Amino acid sequence: WSEPENLGQDINTPGDEMFPYVHADGTLYFSSDSHIGLGGLDIFKATKNETARWTVENLRTPINSPEDDFGIVFENDSERGFFSSSRKGRGNDELYSFYMPPLKFNITGVVKDETTDRIA
C-alpha cells in the first residue's frame, strides 16, 4: 500500500464524498452531497484534463434523482452497470441497472479550399 493522497479541492468539498470507483478507462466515479447536484448524494464522474486538474461532471438524470444516488459500478469496460439509490421504490436503498448506448452522429457538408473555393 502507498500513503493515501488527498485528491484536492476539485474532488473534495466541505461535504461528503464517498463510494469511489475507477472505470477501466481511468475515469473516477464517486458520490457527493456537496458538488452541485439534483438531490442529497449524486453520482459524479471525474477525469484529469490537460493541466492534470480534475474535471468533475454530474451524471444528471436518469442516473441521478432528487434522492440519494451512490455506489456506481460498471461491467468490465462497458457502459453498462449498477448503482444504488434511495429513490421511490419498495424499500430504502435499492439497486438499479443501467445501460448507456453509444452516441452516434451523422455529419454532412461540403469541404472547400478557403482561397479557391474548390476541393483539392
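β1 and β2 form a hairpin with five residues between them, and in the turn Gly26 has a positive phi of about 95°. Strands here are DSSP runs of E with at least two residues, numbered from the N terminus. The model is predicted: local features need pLDDT of at least 70, side-chain atom pairs count only at pLDDT 80 or more, and totals for chains, interfaces and linings use all residues. Residues are numbered from 1 along each chain as its sequence is written, and side-chain values use heavy atoms, with hydrogens and water left out.

Two strands count as paired if DSSP finds at least two bridges between them. Strands of a sheet pair through backbone hydrogen bonds.

Two of the pairings are set out below.

| Strand pair | Bridges and direction | A bridge partner pair |
|---|---|---|
| β1 and β2 (residues 28-32) | Four, antiparallel | Val22 and Leu28 |
| β3 (residues 42-48) and β4 | Five, antiparallel | Phe44 and Asn58 |

Over its length, the protein chain has seven strands and zero helices. The C-alpha atoms fill a box of roughly 65 × 40 × 30 Å along the principal axes. The radius of gyration of the chain is 19 Å, whereas a compact globule of 120 residues would have one near 14 Å; this radius is taken over C-alpha atoms, and the globule rule is 2.2 Å times the number of residues to the power 0.38. Of the 120 residues, 27% count as buried, that is, under 20% relative accessible area with a 1.4 Å probe, protein chains only.

The largest pocket has a volume of about 490 Å³. A pocket is an open set of points on a 1 Å grid where a 1.4 Å probe fits, with protein on both sides within 12 Å along at least five of seven lines, and lining residues have an atom within 4 Å of a point. Of the 22 lining residues, the closest to the pocket centre are Lys45, Leu59, Ile63, Glu79 and Met100. β3, β4 and β7 (94-99) each give two or more residues to the lining, and β7 gives the largest share, three residues.

Key: Grid points are joined across faces, edges and corners, and a volume is the space filled by probe spheres set on the points. Buried means under 20% relative accessible area, exposed over 50%, partly exposed in between (1.4 Å probe, protein chains only).
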